[in-house]
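Please have the model open beside you while you read my comments.

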Amino acid sequence: MATQQEFSDFLSKVELRAYKQALFAVQDEHTALDIVQDSMMKLTEKYADKSPEELPPLFQRILQNTIRDFFRRQKSRSIWITLFSAFSPNDEKENDDYDLLEVLPISKDCGLDNDPHRELEQSQLINLIEKALETLPARQREAFLLRYWEEMDVSETAKVMGCSEGSVKTHCSRATHTLATLLKEKGVKL
């Protein structure tokens with residue numbers, strides 16, 4: 001049984017990585033944060049009696065299920081929105097005042113003491129990788145992130161994803177080939 005301190009240490013250790021995983025999946029910072037918080041709450045409420053070794057796969061499974069639940073809710077909401085949108089007038093003049101530059105987020109500079117050229121290259125590379133990850137199908141992205149981001153082995157990843165080890169290997173292989181191709185097209189040397 002994990003102590004309160006062990007639980008706290010585990011949650012603080014996985015928080016940022018879980019947030020990035022959720023962010024890749026849902027593409028919204030606030031929603032990703034909500035998903036991670038919900039997952040952490042579910043883990044502490046339902047699995048407080050588990051040992052520290054059991055927490056990582058349990059948490060990943062809860063996180064992935066919470067992400068899937070989000071998409072299920074979005075799907076049912078979009079059906080109703082589509083139905084109700086049929087009643088609204090199609091007024092294209094509303095979009096005439098839309099300016100993309102007004103809604104783009106401004107990124108904050110977090111490291112002033114480093115080489116600006118290197119920081120630019122690194123941020124561009126990270127953006128390319130994130131964009132490439134976004135293009136992957138959900139199961140490939142999930143397998144890739146669990147295996148290479150969370151550093152889980154094949155059997156742990158299979159348990160979290162609820163599939164066979166062969167499926168995990170297939171998803172990871174396809175994801176790495178797709179990512180390599182996309183990054184080569186953008187000029188990244190691997």
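1. First, the ground rules. This is a predicted model, in which local features need pLDDT of at least 70 and side-chain atom pairs count only at pLDDT 80 or more, while totals for chains, interfaces and linings use all residues. Residues are numbered from 1 along each chain as its sequence is written, and side-chain values use heavy atoms, with hydrogens and water left out.

2. Overall fold. Helices (H or I, at least four residues) and strands (E, at least two) are DSSP runs, numbered from the N terminus. Of the 190 residues in the protein chain, 30% are buried. Here buried means under 20% relative accessible area, exposed means over 50%, and partly exposed lies in between (1.4 Å probe, protein chains only). Contact means heavy atoms within 4.5 Å. Among contacts between residues at least 6 apart in sequence, 66% join residues at least 24 apart.

3. Helix H1. This helix covers residues 4-26 and has a kink of about 45° centred on Glu15. The bend at a residue is the angle between axes fitted to the seven residues ending there and the seven starting there. As a reminder, an α-helix has 3.6 residues a turn, so residues three or four places apart point the same way.

4. Which residue follows H1 with a positive phi? It is Gln27, with phi near 60°, although Gln27 is not a glycine. Gln27 sits in the loop between H1 and helix H2 (29-46). With a relative accessibility of 41%, Gln27 counts as partly exposed.

5. H6 against H7. Two packed helices are described by the angle between their axes and the distance between the axes. For helix H6 (residues 138-149) and helix H7 (residues 154-161), the axes come within 10 Å and cross at roughly 140°. Axes are lines fitted to C-alpha atoms, for helices over the stretch in contact, and angles run from 0 to 180 degrees between N-to-C directions. H6 and H7 are therefore oblique to each other; angles under 35 degrees count as roughly parallel, over 145 as roughly antiparallel, 65 to 115 as roughly perpendicular and the rest as oblique. The crossing of H6 and H7 is right-handed. A crossing is left-handed if the near helix is turned anticlockwise from the far one by less than a right angle, and right-handed if clockwise.

6. Who makes that contact? H6 supplies Arg139, Glu142, Ala143, Leu146 and Arg147, and H7 supplies Val154, Thr157, Val160 and Met161. These residues of the contact of H6 with H7 divide into five nonpolar, one polar and three charged. In this scheme Ala, Val, Leu, Ile, Met, Phe, Trp, Tyr, Cys and Pro count as nonpolar, Asp, Glu, Lys and Arg as charged, and the others, Gly among them, as polar.

7. Thr157, in H7, is buried at 0% relative accessibility. Not counting residues up to four places away in sequence, Thr157 touches Ala143, Leu146, Arg147, Met152 and Val168. Glu142, in H6, is buried too, with a relative accessible area of 7%. Leaving aside neighbours within four places in sequence, Glu142 is in contact with Gln64, Arg68 and Met161. The C-alpha atoms of Glu142 and Met161 are separated by 7.9 Å, with the two residues 19 apart along the chain.

8. Gln64. Is Gln64 buried or exposed? At 6% relative accessibility, Gln64 counts as buried. Its place is in helix H3 (residues 55-85). With neighbours within four places in sequence left aside, Gln64 is in contact with Gln21, Glu142, Leu146 and Val160.

9. H5 against H8. Helix H5 (residues 116-135) and helix H8 (residues 165-185) pack at about 135°, with their axes 10 Å apart. That makes H5 oblique to H8, and H5 passes H8 in a right-handed crossing. The contact is made by Leu128, Ile129, Ala132, Leu133 and Thr135 of H5 with Leu179, Leu182 and Leu183 of H8. The residues of this contact divide into seven nonpolar, one polar and no charged.
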